Amino acid sequence: MHGVDHALAFNRVPVSAPMAPDGTWLLRLPGKRSVLIDRRATLASLLLIGLLVITSILSLCLGTVTLSPGEALAGVFGEGPAMANFMVSQLRLPRLVAGLLAGAAFAMGGCLMQSLARNRLATPGIIGIDNGATAFAVASVVGMTVSLAPPAMALIGGATATALTFGLAGGAGTRGYRFIVIGIGVGAVFGSLTQLMLARVAIDVANAAFPWTVGTLNARPAGAVTTLAIGLLIGVPAGMGLVRSLAVLRFADPVAISLGLKVGRIRFLALFLAVGLTALAVTVAGPVGLVGLMGPEIARQLSGRGVPLFGSALAGALLMILSDLVGRMLMPPLEVPVGIIVAVIGGPYLLWILLRSERMTP
Amino acid sequence: MSEEHAVPAARLRTRGLHLAYGDASIIEDMNLCFPDAQVTAIVGPNGCGKSTLLAGLARLHAPRGGAVLLDGKDIHRLPTREVARRVALLPQDTQAPEGMTVSELIRFGRQPHQGWLRQWSDEDRDIVAHALAVADLQQLAQRSLDSMSGGQRQRAWIAMAIAQQTPLLLLDEPTSALDLGHQLEVFELIRRQAHTGTTVIMVVHDLASACRFADNLVAMHAGRVIAQGPPDRIITPELIRELYGVECTLLADPVTGTPILAGVRRA
């Protein structure tokens with residue numbers, strides 16, 4: 001058709017360019033199909049997977065009772081001594097799985113959010129999603145009149161915070177500072193609501209709600225991990241399906257539109273995924289939203305370019321289980337909640353990013 | 001326009017186009033066509049609606065009424081990827097993601113032709129190499145855009161649009177931030193591209209450049225087209241007074257023969 005006429009008119013300049021673009025492997029598939037694989041991102045993912053395996057084994061072995069890697073692995077399959085079997089399959093493995101899934105979900109949510117807002121600081125936490133989720137979960141624990149199970153309330157809270165942020169930001173969409181400033185405000189409102197509720201109930205009830213306010217892997221509500229796993233089973237492939245579009249979304253809207261991107265639809269899908277994954281992760285681990293900032297940042301540093309969604313998930317999972325391990329080992333038999341460890345590392349890291357970068361685009 | 005007998009071949013037209021921002025109507029009932037394989041420059045004073053018109057042509061801005069027709073079809077009803085294979089846009093404010101290299105940028109021009117299982121073909125490689133060569137950027141292919149001069153960066157963006165391999169190319173003030181030498185480089189690149197049969201439509205701030213590098217001028221004032229045609233036919237002191245509210249004397253450039261303004265003074 002029209003495009004073909006034009007292609008005929010176009011004179012090829014003789015070229016001696018290498019087949020695949022720099023820094024990529026070209027995978028040729030049957031039927032003129034082809035896939036480009038970014039070398040550095042692939043190596044970064046392999047490195048993160050290696051570290052994840054090592055940290056996972058460590059967190060199965062270490063604790064009040066130290067197991068050898070052999071015992072721990074035997075425990076996973078229920079073939080070790082009864083004590084090891086119990087420790088691993090009842091205590092450490094479920095906790096490890098919860099940490100891996102929650103970390104991956106927080107970081108993927110963060111990476112999606114940063115891509116669609118074109119801002120490296122735009123985590124779901126910063127626009128109030130996890131504070132909203134926490135406030136609703138706490139409301140459920142302290143027995144406010146309307147009450148579902150805390151995880152369900154957390155999901156509703158996350159969605160409410162997002163809707164509020166969007167509604168108040170008006171026509172500004174997800175771009176620019178207005179959206180983020182309003183998100184910070186919405187987050188602050190939910191944060192203070194949480195404090196208010198905790199201040200007005202009996203101390204025992206407040207203690208029961210405490211895990212929801214700091215973030216810990218020690219108080220996983222039944223069923224929440226399964227729900228999160230299902231969420232990730234849908235969310236990871238869906239997110240990977242958006243990666244090519246998100247790469248184009250790094251340009252300003254006029255460029256993205258003229259390259260044929262359905263900008264509004266991509267933003268909506270990415271936001272939907274970011275909110276869903278973050279709220280589900282809050283139901284498992286409480287508000288550890290800083291993972292959504294640090295996971296993608298680590299992946300970005302390692303991968304170099306593009307939108308490292310998969311790398312973010314790996315880095316977030318690693319960060320989560322490493323922080324949990326540190327929290328468990330720091331002063332046994334007391335546990336420092338994972339949310340506090342992440343905040344202790346994350347605060348200075350956030351400052352470092354702010355001081356180091358001139359530009360805030362992802 | 002009335003002296004044109006035959007309607008020129010034009011793949012891109014507007015029909016009763018009405019563009020508005022909120023309550024403010026910018027352009028009303030505009031009927032225009034952009035002749036194929038020519039360079040059309042849209043000129044006019046600040047706020048005359050020329051950038052709004054370009055945004056409408058590039059489907060960035062949905063019309064309040066009427067339509068932009070691409071090959072006879074409403075551009076907003078065509079699939080956006082389909083439009084991206086026919087129309088490329090270089091917006092005024094371009095910023096590439098941090099650290100992106102020239103060749104990475106140009107590769108994005110292939111996006112509308114690619115898919116999940118068609119991420120890189122021999123054709124893509126040849127076209128990217130061609131775009132690099134046309135824009136004279138082969139030596140700079142691996143340079144980061146952040147580290148280049150404004151003129152080089154602008155050529156890289158045009159090369160990306162060339163890699164898109166569209167029969168129509170829209171540019172919004174492609175030389176506005178450039179010095180004289182770099183302006184010339186960019187305009188010459190645009191002319192070379194028009195020479196291969198590409199239809200170019202650009203918003204140009206500087207009337208003299210528009211006269212020199214465009215085949216066809218569209219002069220706009222307060223959202224209306226007040227003259228359209230080849231620069232040497234339509235540029236008159238009267239038109240310039242109507243457009244900019246200034247008096248001037250018109251001379252022919254002794255080298256290129258195109259109109260230049262002399263003795264510009266307030267009316």
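Two strands count as paired here if DSSP finds at least two bridges between them, and helices (H or I, at least four residues) and strands (E, at least two) are DSSP runs, numbered from the N terminus. This is a predicted model, in which local features need pLDDT of at least 70 and side-chain atom pairs count only at pLDDT 80 or more, while totals for chains, interfaces and linings use all residues. Residues are numbered from 1 along each chain as its sequence is written, with chains lettered from A and ligands numbered from 1 in the order in which they are written.

- Start with the layout: 4 strands of chain B form an open sheet in the order S2-S1-S4-S5, with antiparallel pairing.
- Strand S2 (24-34) and S5 of chain B sit at the edges with a single partner strand each, so one side of each has no neighbour in the sheet.
- Strand S1 (residues 12-21) of chain B runs antiparallel to strand S4 (residues 65-70) of chain B, and 5 bridges join them.
- Along that pairing, Leu12(B) is opposite Leu70(B) in S4(B), Thr14(B) has Val68(B) as its bridge partner, and His18(B) has Gly65(B).
- S1(B) also pairs with S2(B), again in the antiparallel sense, over 7 bridges.
- Thr14(B) turns up here too, standing opposite Leu32(B) in S2(B).
- The S1(B)–S2(B) hairpin has 2 residues between the strands, and Gly22(B) takes a positive phi near 60° there.
- Leu69(B) faces Asp74(B) in S5(B).
- The hairpin of S4(B) and S5(B) likewise has 2 residues between the strands, with Asp71(B) at a positive phi near 50°.
- Helix H1 (residues 50-57) of chain B lies across S1, S2 and S4 of chain B and runs at about 120° to S1(B). (Axes are lines fitted to C-alpha atoms, for helices over the stretch in contact, and angles run from 0 to 180 degrees between N-to-C directions.)

**Two domains in chain B**

- Chain B splits into domain 1 (1-86 + 166-236) and domain 2 (96-165); such bounds come from an automatic or database domain assignment.
- Taken over C-alpha atoms, the centres of domain 1 of chain B and domain 2 of chain B are 24 Å apart.
- Domain 1 of chain B puts 14 residues into the contact and domain 2 of chain B puts in 13 residues. (Two residues are in contact if their C-beta atoms, placed from the backbone, lie within 7 Å.)
- On the side of domain 1 of chain B that touches domain 2 of chain B, H2 and helix H6 (180-195) of chain B each supply at least two residues, and H6(B) gives the most, with 6 residues.
- By class, that side of domain 1 of chain B has 7 nonpolar, 3 polar and 4 charged residues. (Ala, Val, Leu, Ile, Met, Phe, Trp, Tyr, Cys and Pro count as nonpolar, Asp, Glu, Lys and Arg as charged, and the others, Gly among them, as polar.)

**Where chain B touches chain A**

- The contact draws 38 residues from chain B and 34 residues from chain A.
- On the chain B side, the elements giving two or more residues are helix H2 (80-84), strand S6 (87-90), helix H3 (102-108) and helix H4 (122-134).
- H4(B) gives the most to this side, with 5 residues.
- The chain B side divides into 15 nonpolar, 12 polar and 11 charged residues.

**Helix pairs in chain A**

- Helix H12 (residues 291-303) and helix H14 (residues 338-356) of chain A pack at an angle of about 60°, with axes 10 Å apart.
- That makes H12(A) oblique to H14(A). (Angles under 35 degrees count as roughly parallel, over 145 as roughly antiparallel, 65 to 115 as roughly perpendicular and the rest as oblique.)
- Val291(A), Leu293(A), Met294(A) and Glu297(A) of H12(A) meet Val342(A), Gly346(A), Tyr349(A), Leu350(A) and Ile353(A) of H14(A).
- This contact of H12(A) with H14(A) has 7 nonpolar, 1 polar and 1 charged residues.
- Helix H9 (residues 224-249) and helix H13 (residues 309-329) of chain A have axes that come within 9 Å and cross at roughly 140°.
- H9(A) and H13(A) are therefore oblique to each other.
- Val236(A), Gly239(A), Met240(A) and Val243(A) in H9(A) meet Leu309(A), Phe310(A) and Ala313(A) in H13(A).
- The contact of H9(A) with H13(A) has 6 nonpolar residues, 1 polar and no charged.
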